Amino acid sequence: MRRSARLGVLGAGLAVFAAMMALAFAGLPGFGGSTHPYRDAAVAATYGHNTANAVSSINFDQRGFDTFGEETILFCAVVGVAALLRPVRGERRREVKDSGRVLESTSLLVYVLFPLTIVLAANVVAHGAVTPGGGFQGGVVLSTGIHLLYVGGRFSLLHRLRPLDWFHQGEALGVVLFGALGIAGAAFGSALFANVVPQGQLADFVSAGTVPLFNIAVGMTVCSSVVILLSSFLDQTLAIRADQGGRTGPGPEEGAAT
Amino acid sequence: MTYYAYAVAAAVMLLGIFGVATSRNLVHTVVCLSVAQSGTYVLLLAVGFQYGGLAPVFGSQVGRNTPVVDPVVQALTLTDIVVSAAVTSMLLALVIQIAKRHRDIDPDRLGRLEG
């Protein structure tokens, strides 16, 4: 299709889409109103289980099974990326040599921030049921902290301090732990993903029953997932090279055909 | 102006779709898809917003009867972000494979290479 024709079709489609959205939004309750029936039900349920952070309570207590699905999506995406980005025929892995120069101020900043970020991540995961945060957020912070080593230091340093095998196992373990906690809810409580642990006092560090445990499981999975994802992409950029004199991948036949 | 936030959500989404359709670089396409998906975050958070509502984290200052913004849509937004990250990483991996096979990531030229 010619580019101008495509733009015409796109314009018509976007106009219809915008009109439908405008119609739908006109039927919504106005922005910022005080009628939120789901909010009222969720707040009552959150108080029922003595959880301070309502978002954590919804994610890990009230709709734990959905979050299990969400975690499985992440897990599958990581498996998919690892399968797509493995070295294929005609490629080989080379040793990455550290080259270039890192500003000393950058290095210093990283050496200060690296431990701080790790501690912050542990804090965000551990207090997921009490303060804003939780397993997803903390896991991302933790993996970012680990990759600070690459930003301000060297790839070899990251390579040494980030044993990938651990993260492969950590990811699987996190998913299994999440599922096991859900099945424990069915075994000891009323339903799958039921909150069976005593819930303690609102806003205490140990409160909200199973929510902190779910947070830890999710934190493990998310951190490991991001580390594995980034290591796959970094490998593509730095370590995987095509063999000399050949195209990469199973492509030469197609190249000859065209 | 009570529908202003919803209009922002729709505009972000439309801009993202426009970018996907007119893109000349597959990495740009993937980023535009993320932009389109960001429209859903704005929409979800706008639906749950309440004037004067506080963050739904209970403690000494926020009690049972304090007006808070809707935590349900915030939880959905969190799910949305995770799914978006998963999709983006998968698509970028596919782009790398396409770049290796065809030595080109302009979607307009890729059609001819396949033929």
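This is a predicted model: local features need pLDDT of at least 70, side-chain atom pairs count only at pLDDT 80 or more; totals for chains, interfaces and linings use all residues.
Let me begin with the interface. In chain B, 52 residues are in contact with 57 residues of chain A. The size of an interface is often given as the accessible area lost when the parts come together. Here, the two chains bury about 5,000 Å² between them, and carbon and sulfur atoms account for 67% of that area. On the chain B side, the residues that lose the most area to chain A are B:Phe58, B:Lys100 and B:Arg101, which together make up 14% of what that side buries.

Which contacts cross this interface? The rule finds 12 residue pairs in polar contact, both at pLDDT 80 or more, while the count of salt bridges between chain B and chain A is zero.

Four helices of chain B, namely H1 (4-22), H2 (26-48), H3 (71-102) and H4 (107-114), each supply at least two residues of the side that touches chain A. Of these, H3(B) gives the most, with 20 residues. By class, that side of chain B has 34 nonpolar, 11 polar and seven charged residues.

I turn now to the cores. The largest nonpolar core has 19 residues, and A:Phe60, A:Phe136, A:Phe178, A:Phe214 and A:Val218 touch the most other members. Helices H4 (64-84), H8 (164-188) and H9 (211-238) of chain A, together with H3 of chain B, each give two or more residues to this core. The most come from H9(A), with five residues.

Finally, a second, separate core of 17 residues includes A:Val81, A:Leu149, A:Leu238 and B:Ala93.

Conventions:
Residues are numbered from 1 along each chain as its sequence is written. Chains are lettered from A and ligands numbered from 1 in the order in which they are written. Side-chain values use heavy atoms; hydrogens and water are left out. Contact means heavy atoms within 4.5 Å. Buried area is the accessible area (1.4 Å probe) that two parts lose on being put together, summed over both. A salt bridge is a side-chain nitrogen of Lys or Arg within 4 Å of a carboxyl oxygen of Asp or Glu. A polar contact is a pair of N or O atoms within 3.5 Å; within protein, one must be able to donate a hydrogen and the other to accept it, and residues adjacent in sequence count only if both atoms are side-chain atoms. Ala, Val, Leu, Ile, Met, Phe, Trp, Tyr, Cys and Pro count as nonpolar, Asp, Glu, Lys and Arg as charged, and the others, Gly among them, as polar. A nonpolar core is a set of buried Ala, Val, Leu, Ile, Met, Phe, Trp, Tyr and Cys residues joined through side-chain atoms within 4.5 Å. Buried means under 20% relative accessible area, exposed over 50%, partly exposed in between (1.4 Å probe, protein chains only).
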